[in-house]
Amino acid sequence: MPVLTKYVIEGGYKLRGEVTISGAKNAAVAIIPAALLVDGTCRIENIPEIRDVTLMLDLLRDIGADVRLINRNCVEINASKIRTTRADYDMARKIRASYYLIGALLGRFGSAQVALPGGCNFGDRPIDQHTKAFKLLGAAVDVQNGYVIAESHGRLSASSIYFDVVSVGATMNAMLAAVLADGTTIIENAAKEPHIVDLANFLNSMGANVSGAGTDVIKVRGVKKMEGGAYTIIPDQIEAGTYMAAVAAAGGEVLVRNIIPKHLDCITSKLLEMGVEVTEHDDSLLIKRTKPLSNTNIKTLPYPGFPTDMQPQATVILTLANGMSIVTEGVWDSRYQYVEELRRMGAKIQVDGKTAVVEGVDSLTGAPVRACDLRAGAALVIAGLAANGITEVEDILHIERGYEHIVEKLTALGAHIRMVEDNIPVAKAQ
Ligand code: EPU
């Protein structure tokens, strides 16, 4: 009988204690395929134990890489015996980040066949900037039978790449393809997210020569070979922001540990505007809500702007703030599908295109809701923690793609949340 897994949350309990932030998902899903570029063995530490990482490791295993889990947050990868440069179609389309296999396989072996990527659905998600970069580096790129097929005759050749839009994925993919290319590649209008810098640091620690990551011009001097080594992934900016948002919405006082406070400035500054107290330490911060929330406006932008991946969680806080707030989505076409679910909980939000007008209410009420994507799911969990009564969040597989042990971490903070498995009658499941 099919099983439906959901989170059942009894809201209204303040969060108290300490939470330790895991390794960054969006760094891990690029650094794991980057190991394909390396001759020796790469040891990667602080990988989060989440579904997207498991899928990425399975994709590498499936093409013949030797992937050994040393413990649940550490893996060793050796790509010396790759059997094929064609990734399994069904596995690859389950995860957006499978597009990094194209840059890595093409850069190392001159050939990649990877299904057009899947992942969260919030509007059109083209990869034209990725393919533009591969072509500029000398590859032929085509889409056939659902696969992106990229081929080069021998080593790729360095180039100047100017991106038309600021894209995290295209910037990382261009770096992956360029590290072993012949000559110096210049990537302009590059994305600047912390995970871009983390990928550059990983590549450099394995023998690459990448400079400028974290600015909008990245220079990649091609090297002939990369050796093995060990690397530790940075803490997850968005996971940290999500716990901060949970405290802001549900109330309480929590020490968020294992973070890089600088990466959180864009989130911290908005929480301060909302009247939440944030005290930064070297690698942790204390977040505390003692008074009513104030309204504010938010516009999502590429880093260092307010992250789109925090937009749903921040909107939940604003549903409980005094007065009216305006949220503008500046990265994706359509990232408000979760609003309908929040309305079931009593939120007052009007959406017009990329703008949401949020009118604060005194309280939310628990309801059965459905996670339509990863961050939307996190937002519904936060809403459930802050609401009166019981919230049931369905489709939690989305949430487990990106949050390590979320139920355990929230439970340790005093939240009343549990995972429940229901058998669904076959007729209903069809
Ligand atoms: N874009 C293009 N052409 C391209 C690539 C992107 O027009 O070839 C546009 C997109 O349509 C979008 C904008 O550029 O409007 C930015 O997209 P970007 O390429 O930066 O997004 P991504 O690499 O596909 C990553 C994260 C997302 C996060 C975005 C923006 C990963 C695996 N995913 O996606 O994370 O929202 O950057 O920061 O790193 C999440 O973690 O929940 C998540 C969705």
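How much space lies in the second largest pocket? About 300 Å³ of space lies there, and the views below place this pocket among the other features of a predicted model.

The model is predicted, so that local features need pLDDT of at least 70 and side-chain atom pairs count only at pLDDT 80 or more, whereas totals for chains, interfaces and linings use all residues. Residues are numbered from 1 along each chain as its sequence is written, and side-chain values use heavy atoms, with hydrogens and water left out.

**View 1. The shell around the ligand.** The ligand is surrounded by 24 residues, the closest being Q129, S167, V168, D309 and V331; a residue is counted as near if one of its heavy atoms lies within 4 Å of the molecule. By class, the shell holds 10 nonpolar, 6 polar and 8 charged residues. In this classification Ala, Val, Leu, Ile, Met, Phe, Trp, Tyr, Cys and Pro are nonpolar, Asp, Glu, Lys and Arg are charged, and the others, Gly among them, are polar. Helix 5 contributes the largest share of the shell, 3 residues.

View 2. A polar backbone atom of V331 is 2.6 Å from an oxygen atom of the ligand. For Q129, a backbone N or O atom lies 2.7 Å from a ligand oxygen atom, and for P126 the corresponding separation is 3.3 Å. The protein covers 90% of the 820 Å² of accessible area that the ligand has on its own, with areas taken from the Shrake-Rupley method and a 1.4 Å probe.

**View 3. The largest pocket.** The ligand takes up the space of the largest pocket; a molecule is assigned to a pocket if more than half of its atoms lie within 2 Å of the grid points. Helix 1 (25-34), helix 5 (128-136), helix 6 (168-178) and helix 12 (374-386) each give two or more residues to the ligand shell; helices (H or I, at least four residues) and strands (E, at least two) are DSSP runs numbered from the N terminus. On a 1 Å grid over the protein atoms alone, a pocket is an open set of points with protein on both sides within 12 Å along at least five of seven lines, a cavity is a set where a 1.4 Å probe fits but cannot get out, and lining residues have an atom within 4 Å of a point. The volume of the largest pocket is about 1,100 Å³, a volume being the space filled by probe spheres set on grid points joined across faces, edges and corners. Of its 46 lining residues, R125, V168, G169, V331 and W332 are the closest to the centre. The lining comprises 23 nonpolar, 10 polar and 13 charged residues.

**View 4. The second largest pocket.** This pocket is lined by 20 residues, and A249, R289, L320, D362 and A386 lie nearest its centre. Helix 8 and helix 12 are the elements that give two or more residues to this lining. The lining divides into 10 nonpolar, 7 polar and 3 charged residues.

**View 5. The largest cavity.** There are 4 cavities of 30 Å³ or more, and the largest holds about 50 Å³ of space. Its lining consists of T242, Y243, A246, A378, V381, I382, L385, I406 and L410. Helix 12 gives the most to this lining, with 4 residues. By class there are 8 nonpolar, 1 polar and no charged residues.

**View 6. Backbone features in two loops.** Y303 and P304 are joined by a cis peptide bond with omega of about 10°, and P304 is placed in the loop between strand 17 (298-299) and helix 10 (311-319). N258, which is not a glycine, has a positive phi of about 60°; N258 lies in the loop between strand 14 (252-257) and helix 9 (265-273).

Definitions and conventions:
A polar contact is a pair of N or O atoms within 3.5 Å; within protein, one must be able to donate a hydrogen and the other to accept it, and residues adjacent in sequence count only if both atoms are side-chain atoms.
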